[in-house]
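Below is a short report on one protein chain. Please look at the sequence and the structure first, then read on.

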Amino acid sequence: MHRPEAVVDVSIHLWETLAYELVSIIGERGFQSLYSRSLHLTSAAFPWMEMNPSVPQNGSDFADLKKFLAAQDATNSGEASAALLITFIDILALLIGELLTSSILRLAWGDDALDKVVKEFP
């Protein structure tokens with residue numbers, strides 16, 4: 001990892017921008033449902049992620065996720081964060097299709113987001 005200390009901040013930023021775009025499309029409850037399901041599935045590999053997490057309200061408060069990620073070493077935090085995002089995106093793509101999911105990700109993160117993520121995560 002190029003900047004291990006940035007994993008938590010980058011992760012939270014990705015979630016906040018994705019939530020902003022999705023809440024306007026699928027609503028707060030839709031986002032919360034997808035996020036909760038993703039967290040539950042990801043916690044099978046990273047049990048520390050499902051320790052009474054609160055679901056973000058208004059798609060913007062990822063305080064519990066930030067706390068959980070910050071408590072781990074950079075490698076574990078990065079792997080867990082990537083797994084959670086991938087799980088979320090996979091579920092979203094199954095529900096609305098890959099093309100629409102890609103469009104939403106581009107709106108949320110921009111065309112160059114993948115390059116930024118690759119630099120921060122293993």
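Gln32 is buried, with a relative accessible area of 16%, where buried means under 20%, exposed over 50%, and partly exposed in between (1.4 Å probe, protein chains only). Gln32 is found in helix H1. Helices (H or I, at least four residues) and strands (E, at least two) are DSSP runs, numbered from the N terminus. The C-alpha atoms of Gln32 and Ala19 are separated by 9.3 Å, and the two residues are 13 apart along the chain.

The model is predicted: local features need pLDDT of at least 70, side-chain atom pairs count only at pLDDT 80 or more, and totals for chains, interfaces and linings use all residues. Residues are numbered from 1 along each chain as its sequence is written, and side-chain values use heavy atoms, with hydrogens and water left out.

**The chain as a whole**

The protein chain has five helices and zero strands, and from the N terminus on its elements run α-α-α-α-α. Of its 122 residues, 43% are buried. Its accessible surface comes to about 6,800 Å², and 56% of that belongs to carbon and sulfur atoms; such areas come from the Shrake-Rupley method with a 1.4 Å probe, and for residues only the protein chains shown count as cover. Among contacts with a separation of 6 or more, 74% are between residues 24 or more positions apart. A contact means heavy atoms within 4.5 Å.

Thr42 is buried, with a relative accessible area of 4%. Leaving aside residues up to four places away in sequence, Thr42 touches Met49, Ala80, Ala83, Leu84 and Thr87.

Glu79 lies in helix H3 and counts as partly exposed, at 40% relative accessibility. Between the C-alpha atoms of Glu79 and Phe46 there are 9.2 Å, although these residues are 33 apart along the chain.

**Aromatic pairs and the core**

How many aromatic pairs does a search of the whole structure find? The search finds eight. Rings of Phe, Tyr and Trp (its six-membered ring) pair if their centres lie within 6.5 Å; planes under 30 degrees apart count as stacked, over 60 as edge-to-face and the rest as tilted. Two of the pairs involve Phe31, as the table shows.

| Pair | Centre to centre | Angle between planes | Type |
|---|---|---|---|
| Phe31 and Tyr35 | 6.0 Å | 15° | stacked |
| Phe31 and Phe88 | 5.5 Å | 50° | tilted |

Phe31 and Tyr35 are four residues apart in helix H1 (residues 7–42), so about one helical turn separates them. Phe31 and Tyr35 are both buried. Phe88 is in helix H3 (residues 74–96) while Phe31 is in helix H1, so their pair ties together parts that are 57 residues apart in sequence. Phe88 is buried, as is Phe31. Ring pairs link Trp15, Phe31, Tyr35, Phe62 and Phe88 into a cluster.

Some of these residues also belong to the largest nonpolar core, which has 29 residues; Trp15, Leu18, Tyr35, Leu65 and Phe88 touch the most other members. A nonpolar core is a set of buried Ala, Val, Leu, Ile, Met, Phe, Trp, Tyr and Cys residues joined through side-chain atoms within 4.5 Å. At least two residues of this core come from each of H1, helix H2 (63–70), H3 and helix H4 (98–109). H1 gives the most, with eleven residues. In soluble globular proteins, nonpolar side chains tend to be buried together.

Which residues of H2 are buried? They are Asp64, Leu65, Phe68 and Leu69. These residues cover an arc of only 130° around the axis, so they are on the same side of H2; the arc is that of the directions from the helix axis to the C-beta atoms. On the other side of H2, Lys67 and Ala70 are exposed. The cover over the buried residues of H2 includes H1 and H3.

In H4, the buried residues are Thr101, Ile104, Leu105, Ala108 and Trp109. They cover an arc of only 110° around the axis, which puts them on the same side of H4. Leu99 and Leu107, on the other side of H4, are exposed.

The twelve residues of H4 should span 16 Å at 1.5 Å a residue, and this agrees with its end C-alpha atoms, which are 16 Å apart. The expected span is 1.5 Å times one less than the number of residues in the helix. After H4 comes Gly110, whose phi is positive, near 80°.
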